[in-house]
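Welcome, and thanks for taking a look at this one with me.

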Amino acid sequence: MAKRADITYFGAGPAALPTSVLESAAEALLNYNNTGLGIAEHSHRSQHAADIIKEAKADLVTYLDIPDDYEILFMMGGGSGEFSAILYNLVGAWVTKKKAAILKQLGVAKEEDADQEALVAELRKAVDGKLKLDYLVTGAWSLKSYQEAERLLGPEHVNMAVDSRTVNDGKYGKIPDESTWKLSEDAALVYYCDNETVGGVEFPKFPEVLAPKDDGTGPIVVADMSSNILSRKVPVKNFSIVFFGAQKNLGVAGVTVAIIKKSLLPPSCPQPSPSLMRKLGLPIAPIIFSYETIAKNNSLYNTLSIFDVYIAGQVLKKLLETFPDKAAGQEALANKKAALIYEALEAYPDIYKIVPDKSVRSRMNVCFRVAKNGETEKAEADFVKQSAAIGLTGLKGHRSVGGIRASNYNSLSLAGAEKLVKFLHDFATA
């Protein structure tokens, strides 16, 4: 029977967690802070829960240097739930801003003082002619988000501003030059997935074309960082929303984090009334996906899994203890591990073929194919079998694309990466 110390896990998610975090979580699950109850048994309305949320927020702010004008929400529904949430909330924010502009044109200060038929007519005209959501599609997850937007809002309002398959023979693996991006004017949002786990594609930096202007204005940029959050510094001020599931670098599946610019929340930008949205033929957010509702209730509108938040908080505390320079320290380590693995693959070009273009290789998910004597299927099966025999597990590629995928999440130690590197050499030369 394998012991935990025998295994180096490269699965794409859920990912491994630091053993010390699991040990403290196991203790807390039985008896949290000597209360006689496990953490999962305490009320989410208790002071224990409030303190756990407060500490996790504070540590996330510290680690990522999140500015004061952002709110942090703990939600449920995963990244896929956020595909819907960003649409509901940012379409609502777009309507709120358009409504304010139209009221000004009509010469009235308050919505209730306006001619309602005229207001709705002008808003309908704006929705029909100007409402657009932009998506940069660079892999399987950004495609799913784009498809969800089409399903909820209709394809006439959704713009695939980037389709990376057009520059890579119909496959993902490159990101087109920014000069070719077909961005809409005044889009309700511009979404992209910072790291695509299936194809191993990662944006090397924040796209310059999306950067805010000196006066702070610019696109409403939304990033899904589910698989690379906490692995490098993030220019948070460039984003309107950053969201991520916890199960890669932060914790366990069950909690999702959204970092939201406060200017998108009340009192600056309250959501339109449901009746107005119905008149405009636009979708209304389920209450658990309403950012303003979750923010108003300190992430406790409904029963949040405090145990999941606790684990996330413990991971953050360990990161802060390990890296005095916070995200920059983890970034240096992540880069070092990724460089070692890619260098080992490049040393044997006849055996290993790295899938994505070098310019967009993911530091988190190293995707490659294996071939020996002209055979790929057998070679990859042998690779997975032999690696597992020495405790290197979770290396099989995503079911939709096959191949091999070595996930280099924060929990992977440098020694674990070096063990994989040695195996890559040994397998190639056997």
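**Notes for a first look**

1. Helix α1 (residues 19-30) packs against α8 with an angle of about 145 degrees and 10 Å between the axes. Here axes are lines fitted to C-alpha atoms, for helices over the stretch in contact, and angles run from 0 to 180 degrees between N-to-C directions. The helices (H or I, at least four residues) and strands (E, at least two) are DSSP runs, numbered from the N terminus. The crossing of α1 over α8 is right-handed, meaning that the near helix is turned clockwise from the far one by less than a right angle.

2. Before going further, please keep in mind that this is a predicted model: local features need pLDDT of at least 70, side-chain atom pairs count only at pLDDT 80 or more, and totals for chains, interfaces and linings use all residues. Residues are numbered from 1 along each chain as its sequence is written, and side-chain values use heavy atoms, with hydrogens and water left out.

3. Which residues meet where α1 packs on α8? From α1 come S20, V21, S24, A25, A28 and L29, and from α8 come F307, Y310, I311, Q314, V315 and K318; contact means heavy atoms within 4.5 Å. By class, this contact has eight nonpolar, three polar and one charged residues. Ala, Val, Leu, Ile, Met, Phe, Trp, Tyr, Cys and Pro count as nonpolar, Asp, Glu, Lys and Arg as charged, and the others, Gly among them, as polar.

4. Stay with α8 for a moment and find L316, which sits in this helix (residues 306-322). Is L316 buried or exposed? L316 is buried, because its relative accessibility is 2%; buried means under 20% relative accessible area, exposed over 50%, and partly exposed in between (1.4 Å probe, protein chains only). Apart from neighbours within four places in sequence, L316 contacts A56, D59, L60, Y63, L230 and L250. L316 and K57 are 259 residues apart in sequence, yet their C-alpha atoms are 9.6 Å apart in space.

5. On the α10 side the contact is made by A379, D382, F383, Q386 and S387, and on the α11 side by F423, L424 and F427. These residues divide into five nonpolar, two polar and one charged.

6. How many disulfides are there? The count is zero, taking a disulfide as a pair of cysteine sulfur atoms within 2.5 Å. For C193, the closest cysteine sulfur is in C367, 12 Å away, so the two are too far apart for a bond. C193 is buried, with a relative accessible area of 3%, and C269 is buried too, at 2% relative accessibility.

7. Finally, some backbone details. Most residues other than glycine have a negative phi, and most peptide bonds are trans. The bond from G13 to P14 is cis, with omega near 0 degrees, and P14 lies in the loop between β1 (8-9) and α1. P266 and P267 are also joined by a cis peptide bond, with omega about 5 degrees. N373, not a glycine, has a positive phi of about 55 degrees and is exposed at 80% relative accessibility.
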